[in-house]
Amino acid sequence: MEVLEAISTRRSIRKYKTDPVDDKILETVLEAARWAPSWANTQCWRFIVVRDSASKSKLAETLNETNPARDAVRNAPLLIVACAELGKAGHKDGEPVTDKGDWFMFDVALAMQNLVLAAHSLGLGTVYIGRFDAKEAARILAVPEGHCVVAMTPLGYPDEIKDPRPRKELAEIVFADKWSTK
Ligand SMILES: Cc1cc2nc3c(=O)[nH]c(=O)nc-3n(C[C@H](O)[C@H](O)[C@H](O)COP(=O)(O)O)c2cc1C
């Protein structure tokens, strides 16, 4: 699938078939994440692939009941939890070098977007999950000090067809030469 086609046809998928994801396909998806750019090539991302049903159920409990992705965490054949090593992205000699502090969110997002688009191009569904108790997820997954859980996505074959959600028009989000309030 062409990159532009993958970008425009990807949807957040919250219902999954029980069909397993082949290890080779999983590796392809993780490889796509691995090739993302990162701050000074620091590659702060780490990925935990969760297949164990009990762990998936525990992680589902870290989402509140109103989160529409909650059941997908429990039911998808596997879950990818994106973590970050802190104090690397946006840092030099252990100190932040911009007003933004730690750039781990940015770098993990780049890797996740590669992963999500690669998954979609292979017929797999994903949904970014950011609204959950990340500290509790880190405890469940034994994530060590100096690292944190950033986001997760179920991975599996879609069991729903989604219409695109609306986007702002370019005229609303792109300015010429300087910021414009018009
Ligand atoms: C950083 C981030 C966090 C998100 N967290 C959640 C979440 O906790 N639960 C959920 O169901 N969807 C979550 N989403 C999915 C968005 O709701 C979805 O991407 C958006 O509505 C656009 O729909 P689309 O992905 O189908 O284009 C998240 C998306 C992003 C980028």
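Exposed, as the word is used in these legends, means over 50% relative accessible area, while buried means under 20% and partly exposed lies in between. The structure shown in every view is a predicted model.

**View 1. Asp99 and Lys100 meet in a salt bridge.** The side chains of these two residues, Asp99 and Lys100, approach each other to 2.9 Å, N to O. Asp99 has a relative accessibility of 68% and therefore counts as exposed, and Lys100, with a relative accessible area of 55%, is exposed as well. Side chains of opposite charge can pair when their charged atoms come close.

**View 2. Glu27 and Lys24 form a salt bridge within helix α2.** The closest N and O atoms of Glu27 and Lys24 are 3.8 Å apart, and both residues belong to the helix that spans residues 23-34, where they sit 3 residues apart, about one turn of the helix. Glu27 is partly exposed, with a relative accessible area of 42%, whereas Lys24 is exposed at 55%.

**View 3. Glu85 forms a salt bridge with Arg46.** In this pair, Glu85 and Arg46, the closest N and O atoms are 2.9 Å apart. Because Glu85 lies in strand β2 (residues 78-85) and Arg46 in strand β1 (residues 45-50), the pair ties together parts that are 39 residues apart in sequence. Arg46 is partly exposed, its relative accessible area being 37%.

**View 4. Glu61, Arg70, Asp71 and Arg74 are linked in a network of salt bridges.** The count of salt bridges in the model comes to 9.

**View 5. Val3, Leu4 and Ile7 make a nonpolar surface patch.** The patch formed by Val3, Leu4 and Ile7 covers about 320 Å². Val3 lies in helix α1, which comprises residues 3-9, and Val3 is exposed, with a relative accessible area of 57%.

**View 6. The ligand is surrounded by 14 residues.** The closest of these residues are Arg10, Ser12, Arg14, Asn67 and Arg167, and by class the shell around the ligand holds 5 nonpolar, 3 polar and 6 charged residues. A polar side-chain atom of Asn67 lies 2.8 Å from a nitrogen atom of the ligand, and a polar backbone atom of Tyr128 is 3.1 Å from a nitrogen atom of the ligand. On the oxygen side, a polar side-chain atom of Arg165 lies 2.9 Å from an oxygen atom of the ligand. Taken alone, the ligand exposes 620 Å², of which the protein buries 67%.

Notes
Residues are numbered from 1 along each chain as its sequence is written. This is a predicted model: local features need pLDDT of at least 70, side-chain atom pairs count only at pLDDT 80 or more; totals for chains, interfaces and linings use all residues. Side-chain values use heavy atoms; hydrogens and water are left out. Patches are made of residues with over 30% relative accessible area and no salt bridge: like charges are joined within 9 Å, nonpolar side chains (Val, Leu, Ile, Met, Phe, Trp, Tyr) within 5 Å. Accessible areas come from the Shrake-Rupley method with a 1.4 Å probe; for residues, only the protein chains shown count as cover. A salt bridge is a side-chain nitrogen of Lys or Arg within 4 Å of a carboxyl oxygen of Asp or Glu. Helices (H or I, at least four residues) and strands (E, at least two) are DSSP runs, numbered from the N terminus. Buried means under 20% relative accessible area, exposed over 50%, partly exposed in between (1.4 Å probe, protein chains only). A residue is near a molecule or strand if one of its heavy atoms lies within 4 Å of it. A polar contact is a pair of N or O atoms within 3.5 Å; within protein, one must be able to donate a hydrogen and the other to accept it, and residues adjacent in sequence count only if both atoms are side-chain atoms. Ala, Val, Leu, Ile, Met, Phe, Trp, Tyr, Cys and Pro count as nonpolar, Asp, Glu, Lys and Arg as charged, and the others, Gly among them, as polar.
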